[in-house]
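Subject: Structure handover and notes

Hello,

Here is the structure we spoke about, with the sequence alongside. Please keep it open while you read the notes.

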Amino acid sequence: MFYREAGQFKTSYKADQALFPILQDRIGIAAILLIAFVAIPLFASDFFLTSIMIPFLVFALAAIGLNVLTGYCGQLSLGTGAFMGVGAYAAYKLTTAFPDANVIVMVLLSGVFSAAIGAVFGLPSLRIKGLYLAVTTLAAQFFLEWCFIRIPWLYNDNASGAIEVPRREMFGFIVTGAEALPITRYFVVLCITAGIAYLMANVLRGRIGRSWMMIRDMDIAAELMGVRPLQTKLMAFAVSSYICGVAGAMMVFFWLNAAEPSSYSIRLSFQILFMVILGGLGSLGGAFMGAAFIWILPVLLKFVPGMLGMDIAAETVEHATFMIVGALIIFFLIVEPHGFARLWQIAKQKLRVWPFPY
Amino acid sequence: MNAFVADRAPAPVEDAGERELLLRVDNVSLAFGGVKAITDISFDIRKGEIRAIIGPNGAGKTSMLNVINGFYHPQEGTITWQGKVRRKMKPYEAASQGIARTFQNVALFKGMTTLDNIMSGRSLKMHRNFFWQLLWRGPAEREEIAHRRKVEDIIDFLEIQAIRKTPVGRLPYGLQKRVELGRALAMEPELLLLDEPMAGMNLEEKEDMSRFIIDVNQEFGTTIALIEHDMGVVMDLSDRVVVLDYGKKIADGPPEEVQASQAVIDAYLGVSH
Amino acid sequence: MLYDIFIDPFVQMYDMPDFFLQVLWEGFVAGILYALIALGFVLIFKASGVFNFAQGIMVVFAGLTLVGLHENGVPAYLALILTIGVMGVLAYGVERVVMRPLVNQPEIILLMATIGLTYFLVGFGEFVFGGEPKQMITQELGLPTGSTAFEIGDRGLIILQHIDIAAAVIAVIMVTALGLFFNKTRIGRALRAVADDHQAALSVGISLNQIWAIVWFAAGLVALATGIMWGARSDVSFALEIVAFKALPVLILGGFTSIPGAIVGGLIIGFGEKIGELYWGGLVGGGVESWLAYIIALVFLLFRPQGLFGERIIERI
């Protein structure tokens, strides 16, 4: 009864195909946007912005990127971390090569490089499927990581081997570099993530999104219906890597300020994969939920002992966090293998029929 | 009659053997390693007819359909499609030149709704590129709606309005088969290949499906090639029948003629060699 | 440049045969260890269709438990027996808590669950035994140490570590034993039945749960042996996790379900990696070991998508 769509008639296909055809959903999304754009900037502390919101949005974007490939097109990838790294290094090279250019344009442009590299590593997907494809992406992961270490040109021959984000301004605000205010960074990250999420929602409900899902659900039938497998898969690889690349660039430009090759290791790939799986394969909302869970939970766990007045070594807490996250991942996979997105759907169904069970 | 039907001319009624040639396979042979699936088969399909391919299990019927729409590539023989001779077709070419099919084991896109499954049949007819799709508003949305109209016509035709938004994985088998037919129809094919459209159905479902097949053939003028084990259905529906056994053609002709053929009776009832 | 790539390495191989043989031996030993890790993967994949990412961590975990117990005053052999017991408990626990509730889920979900298991074992191992690398108790277990130098005619000598020879011997024994177990025993037959089709196996009265617990235990034992061998060569630490990923290209080459395939694949990767690193790696700045295995597997896949011993796949519809 809280979520009843009875009486909301749709009189055109246009209305029926809207992103949020149901009034309650529209209200919900408006409320979320209001909180994200108004309430959080007004009330949140700097710590909350830098340690929780900015990384959460960056990871959510990366999870959307991987979701396009794995959740919608059905191609398992373990190389997300490296593709994010390509974006980061490309953005770094671009901003240092063109110091006067707008840094946000450079960040968005950096995704083009990771898209190209992603498409190259997607080429074998025509012949290789499933777990076998995972090896291709692992090759990408370790090869690209090696490139980040061994090619000094990529980090402008820095003695430290790391990339450090230069200070850049836009409209009088410092947007990158150590002096940039958390609130400025937050707005930039929020706009990019929300914008790309909206654009992807459009692609995914149209012809191209459908052709990806056709490949995912039954590649042979898709081929016999005129979907060209190579083009379609390569496009998914390119789009996915573009988004991951932008997320990787944002990760260093608006969050970490500096990054080294180990920032983009296989651990990051797994982290993003977890977000996608726990959030729900093939769901954009799920990418946000998964990112929130995987990122925010460990942050919170760090504070639990302190709040309980216990004095435990930071190391022990970290180990315990690992254990708890691992156990929770298994727990959630058992409870709902289709992720939080499905849990949310079930909850909506319950709300629809409340107070009756069904 | 709805808009989807209106823009197609009904097939002229005449004797099947006299009609214009749509597809011909000549001396096609197909082998997997040492196993010969199809040996030297030739037959033709003429515009507007319902052509049945029958035979015992393992006779090579499905392999034959796979050759026609380019999924398998024969080692020998040629395929003539609308006057063009070729050795093999690519699945993509076959689809874009108007060959659609359904599958023996339902091959729907399980994660998608009925509507999306049928919309997927329109893929080849939609052309707005990635950047229009990103925007959605404007051309991409208009194209989507135009095709949605056509798809809704098919949904009406197959009487599956109520399951429009249901993920196909949850549908019962009979309805899945019907959605699969709808998906193939959405491609507006010249030639529709049906691989056992009635397998595993009860009598009522078979009657419905037969009615749809006849309607598609007569109202839309679509040429149909179907594989079916139910002899009653085959004899009633088809204009001409080709019979395969152990990868070889053993009979070809109108239903009554084939029914009377000694080779066919031997193949079905068995004969001591 | 072309000379450096196509001619110089071979000239070196000819000029310094002792070095070349040493490289081959190193490749052989590395290959054996990859093969042992891959063997653990194969056991579990064969019986349950689960791609067990935690195999690498199980190796570390087994090694850590063994060393950790010994450090706390347990005699070496008793520690070994206790560790076997721990691996048994782990196998039972995994079957009970992870596998059983997830039966019939798509493979990617099961894969994820084993990665979750990896996180858990990493956290648990560090929680109990601490995160710093440890020395393997090689001597206490009665394994040979030291090395022997062999002369190659009059053109130099190669050095063989005794522990490496022991590793090779143990690997051969283990593979033979597992082969016999699979092919000659009732449980082995049941296991192959489960591998083919879960539901069909259930319908003839084979207990999936029992079989799974057994294979996870067997994989645990393989992990323990691998952990001891690997630990004796370097030390016991979670750095091994990255090395364990190399089992993936090994499996690609050998096929996910073939025990001999795992051995052959392991050796190919081991040889390829060492030779590539020492003769060609220098040209691009070294360190190619980290990705060469994957590229070898990738190139190989492009030509034979079905793996080394797999049959050609005919797609049906």
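The notes below take the chains in turn, then the core and one interface.

This is a predicted model, in which local features need pLDDT of at least 70 and side-chain atom pairs count only at pLDDT 80 or more, while totals for chains, interfaces and linings use all residues. Residues are numbered from 1 along each chain as its sequence is written, and chains are lettered from A and ligands numbered from 1 in the order in which they are written.

Chain A

Chain A has 14 helices and four strands; helices (H or I, at least four residues) and strands (E, at least two) are DSSP runs, numbered from the N terminus. Its radius of gyration is 21 Å, close to the 21 Å that the globule rule gives for 358 residues, so chain A is as compact as a globular protein of that length. That radius is taken over C-alpha atoms, and the rule is 2.2 Å times the number of residues to the power 0.38. The C-alpha atoms fill a box of roughly 65 × 60 × 45 Å along the principal axes.

Of the 358 residues in chain A, 49% are buried. Buried means that 20 or more other C-beta atoms lie within 10 Å of the residue's own; exposed means 12 or fewer, and partly exposed is in between, with C-beta atoms placed from the backbone. Among contacts in chain A between residues at least 6 apart in sequence, 75% join residues at least 24 apart. A contact requires C-beta atoms, placed from the backbone, to lie within 7 Å.

Chain B

Chain B has eleven helices and ten strands. For its 273 residues, a compact globule would have a radius of gyration near 19 Å, and chain B agrees, with 19 Å. The box for its C-alpha atoms is roughly 70 × 40 × 40 Å along the principal axes. Buried residues account for 45% of the 273.

Gln82(B) sits in the loop between strand 4 (76-81) and strand 5 (84-86) of chain B. Gln82(B) is partly exposed, with 13 other C-beta atoms within 10 Å. Its C-alpha atom is separated by 28 Å from that of Val179(B), 97 residues apart along the chain.

Core

A nonpolar core is a set of buried Ala, Val, Leu, Ile, Met, Phe, Trp, Tyr and Cys residues joined through C-beta atoms within 7 Å. The largest one has 291 residues, and those touching the most other members include Ala63(A), Met250(A) and Ala35(C). Helix 10 (residues 208-233) of chain C gives the most to this core, with 18 residues. Leaving aside neighbours within four places in sequence, Ala35(C) is in contact with residues including Ala171(C), Val250(C) and Leu267(C).

Helix 3 of chain C

Helix 3 (residues 17-48) of chain C has 32 residues and should span 46 Å at 1.5 Å a residue; its end C-alpha atoms are 45 Å apart, which agrees. The expected span is 1.5 Å times one less than the number of residues. Gly49(C) follows helix 3 and has a positive phi, near 70 degrees.

Where chain C touches chain A

Here 37 residues of chain C are in contact with 32 residues of chain A. Helix 6 of chain C gives the most to the chain C side, with 14 residues.

Regards

Definitions and conventions: Contact = placed C-beta atoms within 7 Å.
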